[in-house]
Amino acid sequence: MARNTLARSMHDVGLAAWFGGTLANAVALNAAASQADNPNKTGAVANVGWDRWTPVNAAAIGSHLVGSVVQLADNAPRVAGQRGVGSMVIVKTALTVISLGATAYSRALGKKVSAQTDVPAESGTEPAATTPPDVASAQRRLAVLQWAVPAATGALVVVSAFAGEQQRASEVHKGFLRRALG
């Protein structure tokens, strides 16, 4: 098993930024937007923050995906031969697809909210009584998704830690032996 520090770093740093950035924005940015001096500016404040985060998040996700693919290719013999690694790869892939889907849907909703910068809102994800219905609906969905993305990417962090444990020499030997013995 060769070292691939670059791919592992791309995977880990990309995932860390994806998880941490969305969590920070959910915890701080959306709530902080409610401090705007005018309710019609609340949405605009949140939108500026999320719009600035989007290209960084896209780069983080891209880095994570490239690192993941390279690691998977490098570890193909372990995936095929070490018991338990294939199952971990399936779980990790499913979590990645869920995270990507939630992120893409969040961005689509965010663009809908961002398109109307002077709409009143209570916070970045909480509509005001006078928020137009289509924007209010998008904000209510974003209120859920702002936690779904960090939850899914946080689960990816945990599965990635488990994958790292599977790469310990003692685990590799046990996994290949268990596979060979049935």
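Which side chains meet in a salt bridge? In this predicted model, they belong to Arg107 and Asp51, with 3.3 Å from N to O.

## The salt bridge

Let's start with the count: there is 1 salt bridge here. Arg107 sits in helix α4, which covers residues 85–114, while Asp51 sits in helix α2, residues 39–74, so the pair ties together parts that are 56 residues apart in sequence.

How exposed are the two partners? Arg107 has a relative accessible area of 30%, so this residue is partly exposed. Asp51 comes out at 31% relative accessibility and is therefore partly exposed too. Anything between the 20% and 50% cut-offs gets that label.

## How the two helices lie

Now zoom out to the helices themselves. The axes of α2 and α4 come within 12 Å, crossing at roughly 160 degrees. Angles over 145 degrees count as roughly antiparallel, so that is how α2 and α4 run relative to each other. Their crossing is left-handed.

Who makes the contact? On the α2 side you'll find Asn47, Asp51, Thr54, Asn57, Ile61, His64, Leu65 and Leu72. From α4 come Val89, Thr96, Leu100, Thr103, Arg107, Val113 and Ser114. Sort the residues of this contact by type and you get 6 nonpolar, 7 polar and 2 charged.

## Putting it together

Look for Asp51 and Arg107 in that contact list and you'll spot both of them. These are the residues whose side chains form the salt bridge, with Asp51 in α2 and Arg107 in α4.

Note on methods: Residues numbered from 1 in each chain as written. Predicted model: local features only at pLDDT ≥ 70, side-chain atom pairs only at ≥ 80, totals over all residues. Heavy atoms only, no water. Salt bridge = Lys/Arg side-chain N within 4 Å of Asp/Glu carboxyl O. Helix = DSSP H or I, 4+ residues; strand = E, 2+ residues; numbered from the N terminus. Buried < 20%, exposed > 50% of the residue type's maximum accessible area, 1.4 Å probe, protein only. Axes fitted to C-alpha atoms, helices over the stretch in contact; angles between N-to-C directions. Parallel < 35°, antiparallel > 145°, perpendicular 65-115°, else oblique. Left-handed = near helix turned anticlockwise from the far one by under 90°. Contact = heavy atoms within 4.5 Å. Nonpolar A, V, L, I, M, F, W, Y, C, P; charged D, E, K, R; others polar.
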